[in-house]
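Have the model open in a viewer before reading on. The walk below goes residue by residue.

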Amino acid sequence: MMENKKFLFSLFAFIATLTSTRGFAFQAPSLRNLDFASSLCSTASDSDVAVTEKGLLKRDRYVATNRFAVRQGKAAKFEKRWATRKSKLASLQGFKYFHLMRRVTINEEDGTAVYDEGTDDGMQQGNYVSFTIWEKKSDFGAWRSGEAFKEAHGGTSIGAFVSTMVSSAMVLKGAPRPAFYDGLLQQSSKPEALPTIVDGWRSVEADGVSTLPAECFVACNQFFVPPENASAFEQRWANRESRLKDCEGFVSFSMLRRDGQAKGHGTSPMDESEPTYLSTTIWKDQASFQKWRQGSAFQKAHGGGPPKDKKDESEKPAAPPAPLWAKPPQPVFYEGTLVISSEEGA
């Protein structure tokens with residue numbers, strides 16, 4: 001009860017800020033530069049250069065996420081709100097791909113995926129994440145400052161906005177936590193079929209009792225790379241061999257670099273507990289991921305496979321490259337639902 005009061009207090013303080021000017025004008029938070037030494041900076045503009053002046057790779061896409069700590073037992077209600085919302089997302093300039101993903105844990109013995117409800121303390125990364133890929137950062141900015149953003153977030157009127165936020169307080173544990181990324185080394189396959197879209201959004205049945213069926217599987221690896229190693233880390237990934245596009249069930253891959261310049265309501269500065277990079281691979285289903293994981297493409301991408309013939313038995317194998325991260329990578333898995341894709345894919 002006390003937490004709900006704190007959440008609502010913050011909510012109404014935010015509303016007071018919105019309504020302090022003459023009339024009601026719901027304005028999306030602006031993106032401002034963030035002077036935070038330990039965070040990475042986004043590519044300055046949508047340019048055609050391959051590498052920035054700091055030696056970082058240019059982005060291929062811009063990825064906007066929002067992390068939600070959904071209360072235990074409220075997952076189906078949360079998904080219904082997303083399924084029945086009004087949104088013109090699929091019809092917007094620069095839109096490439098969207099899904100809502102719920103965090104799962106994988107049983108290593110039988111391979112089953114189980115929804116991870118989290119703990120009473122919540123999870124910083126969220127047990128649900130909205131995931132949207134834009135062709136350019138400027139496309140995301142245009143959506144965020146336009147009417148489509150207001151409609152999707154219940155901001156067409158003060159009443160609609162308050163209703164949306166109060167409903168959120170009953171389903172979520174704390175406020176959503178946005179995070180934005182430069183999408184690097186983008187690969188994607190063209191979808192064989194597209195889901196039914198009505199007025200820019202998915203047309204699905206959601207009863208608020210059962211969760212929606214999984215429509216894709218997402219495998220991520222969280223990397224905690226200090227800024228001084230960022231360029232070397234990106235080049236290591238750029239130079240590695242990848243055959244993902246040849247794998248059955250492959251949908252999309254990108255190495256996500258946290259945009260430390262993004263700031264707005266709900267966006268907090270990064271700290272050492274958050275990854276600076278996130279490798280994100282989307283598969284048609286979990287079976288496709290497991291098939292890749294057990295195949296030769298995985299072994300080659302991760303330095304495995306059969307040993308090479310040696311000309312000299314005394315020759316020692318090459319030492320693995322030194323790690324570029326501050327602590328070991330941490331894998332995390334999701335089931336995606338409400339998938340929307342452009343005709344070309346992500």
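Which residues does Y128 touch, not counting residues up to four places away in sequence? They are N66, R67, F68, V70, A75, F78, E79, L100, M101, R102, Y115 and T211. To touch here is to be in contact, meaning heavy atoms within 4.5 Å.

Some ground rules come next. This is a predicted model, where local features need pLDDT of at least 70, side-chain atom pairs count only at pLDDT 80 or more, and totals for chains, interfaces and linings use all residues. Residues are numbered from 1 along each chain as its sequence is written, and side-chain values use heavy atoms, with hydrogens and water left out.

The protein chain has an average pLDDT of 81, pLDDT being the predictor's confidence in each residue, from 0 to 100. A score of at least 70 is reached by 72% of the residues. Residues 7–39 have pLDDT below 50. Beyond near neighbours in sequence, that stretch has 56 contacts in the model. Where pLDDT is low, the predicted coordinates should not be read in detail.

Back to Y128. It lies in strand β4, residues 128–134. Helices (H or I, at least four residues) and strands (E, at least two) are DSSP runs, numbered from the N terminus. Y128 has a relative accessible area of 1%, so it is buried. Buried means under 20% relative accessible area, exposed over 50%, partly exposed in between (1.4 Å probe, protein chains only). One of its contacts, A75, is 53 residues away in sequence. The two C-alpha atoms are 8.8 Å apart. The side chains of Y128 and E79 make a polar contact at 2.5 Å. Such a contact is a pair of N or O atoms within 3.5 Å; within protein, one must be able to donate a hydrogen and the other to accept it, and residues adjacent in sequence count only if both atoms are side-chain atoms.

Now R61, in strand β1 (residues 61–68). R61 is buried but has no salt bridge, which would need a side-chain nitrogen of Lys or Arg within 4 Å of a carboxyl oxygen of Asp or Glu. The nearest side chain of opposite charge, E135, is 5.6 Å away. Lys and Arg count as positive and Asp and Glu as negative; His and the chain ends are not counted. The R61 side chain reaches the backbone oxygen of A346 at 2.8 Å.

Finally, check the backbone. L185, not a glycine, has a positive phi of about 55 degrees. L185 sits in strand β5 (residues 177–188). Its relative accessibility is 26%, so L185 counts as partly exposed. D199, also not a glycine, has a positive phi of about 55 degrees. D199 is in the loop between β6 (197–198) and β7 (201–202). At 66% relative accessibility, D199 is exposed.
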